[in-house]
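Open the model in your viewer and keep the selection tool at hand.

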Amino acid sequence: MNIGLLTGGGDCPGLNAVIRAAIRKGLQFDFKAIGFCRGWAGLIDGDSIPLGLNDSSGILARGGTILGTSRTNPFKVEGGPEKILANIKKFDIGALIAIGGDDTLGVAQKLYQERGVKLIGVPKTIDNDLSATDYTFGFDTAVTIAAEAIDRLHSTAESH
């Protein structure tokens, strides 16, 4: 089976870790991973790259996402959902993994409910504002970095 992956919305820590985990777990079941560049825009345009073991090597420490991202909503693009369905068929995608926040997962939910697209939504946002989730990818790192910056600022302020 081919599994499609995309990252949508803003950047946050952990995106490459999710991509890497999906590739490696998929390989255990003989799934082939196909990454769609620039989130939903890549799936609309058919802009894809094959993702294998070598592609997931060394990406944990890299910021951003190796797939790129955008804030494209296919339901606001002329023929967007139809192009997505056509590309899912063209690339023989058995299931799609959408990694994103409220907008990205809202599109995913709508594609599932209205078009029957098989997918998994991975919650990712530094805001931690997705319903039915306790924590999201990116939130813990964002809080930790902010807290460390404030701690450093305090020690610098005490020096003056």
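Start by selecting D92, which is exposed, with a relative accessible area of 55%; exposed means over 50% relative accessible area, buried under 20%, and partly exposed in between (1.4 Å probe, protein chains only). D92 sits in the loop between α4 (80-90) and β4 (93-100). Its phi is positive, about 55 degrees, although D92 is not a glycine. Helices (H or I, at least four residues) and strands (E, at least two) are DSSP runs, numbered from the N terminus.

A word about what you are viewing: this is a predicted model, in which local features need pLDDT of at least 70 and side-chain atom pairs count only at pLDDT 80 or more, while totals for chains, interfaces and linings use all residues. Residues are numbered from 1 along each chain as its sequence is written, and side-chain values use heavy atoms, with hydrogens and water left out.

Next, step back to α4 and select its buried residues: G80, P81, I84, N87 and I88. They lie on the same side of α4 because they cover an arc of only 125 degrees around the axis, the arc being that of the directions from the helix axis to the C-beta atoms. An α-helix has 3.6 residues a turn, so residues three or four places apart point the same way.

What covers this buried side? Show α2 (40-45), β4 and α5 (102-115), which are among the elements covering the buried residues of α4. Then turn to the face pointing away from the buried side, where you will find the exposed residues K89 and K90.

For the last stop, select D30, in the loop between α1 (15-28) and β2 (32-36). D30 is exposed too, with a relative accessible area of 67%, and has a positive phi of about 60 degrees although it is not a glycine.

How values were computed. Contact means heavy atoms within 4.5 Å.
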